[in-house]
Amino acid sequence: MSKAFISAVLQDSLDCTGVAANRAAEDLIGAIVREMKKEGGFTLPSFGTFRVAKTKARKALNPRTGEPVKVKAGKTVRFKASPNLKKAV
């Protein structure tokens, strides 16, 4: 799914201009990102839950050379689908 797809769905659903639908899609994505930064997660009922998870520092291998590389600790986003989404798919 892309921002363009979300914009197209909003444009068809709300019967608005493409510019307005694109702005609404940007605002929606921005609100989700802000919520995840602030709260560490975001739940969309009947769809699923997104949460921020910390990753540990680790060693990996460079696929080209095979030499070990250090990977820093960081954050990633995890998603857990709701039972309703699992049934629908």
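The side chain of Ser7 makes a polar contact with the side chain of Asn22, at 3.4 Å; a polar contact is a pair of N or O atoms within 3.5 Å, where within protein one must be able to donate a hydrogen and the other to accept it, and residues adjacent in sequence count only if both atoms are side-chain atoms. This is a predicted model, in which local features need pLDDT of at least 70 and side-chain atom pairs count only at pLDDT 80 or more, while totals for chains, interfaces and linings use all residues. Residues are numbered from 1 along each chain as its sequence is written, and side-chain values use heavy atoms, with hydrogens and water left out.

**Ser7**
- Ser7 sits in helix α1 (residues 3-14); helices (H or I, at least four residues) and strands (E, at least two) are DSSP runs, numbered from the N terminus.
- With a relative accessible area of 9%, Ser7 is buried (buried is under 20%, exposed over 50%, partly exposed in between, with a 1.4 Å probe and protein chains only).
- Neighbours within four places in sequence aside, Ser7 is in contact with Ala21, Asn22 and Ala25, contact being heavy atoms within 4.5 Å.

**Sheet**
- An open sheet is formed by three strands in the order β1-β2-β5, with antiparallel pairing; two strands pair if DSSP finds at least two bridges between them.
- β1 (41-44) and β5 (74-81) are at the edges with a single partner strand each, so one side of each has no neighbour in the sheet.
- From one strand to the next, the twist averages 20°; axes are lines fitted to C-alpha atoms, for helices over the stretch in contact, and angles run from 0 to 180 degrees between N-to-C directions.
- Four bridges join β1 and β2 (residues 48-55) in the antiparallel sense, and Thr43 has Thr49 in β2 as its bridge partner.
- Helix α2 (residues 18-39) lies across β1, β2 and β5 and runs at about 130° to β1.

**Ala73**
- Ala73 is in the loop between β4 (68-71) and β5, and it counts as exposed at 54% relative accessibility.
- The C-alpha atoms of Ala73 and Ala57 are separated by 4.1 Å, although the two residues are 16 residues apart along the chain.
- Apart from neighbours within four places in sequence, Ala73 is in contact with Thr55, Lys56 and Ala57.

**Whole protein**
- The protein has three helices and five strands, running α-α-β-β-β-β-β-α from the N terminus.
- Of its 89 residues, 13% count as buried.
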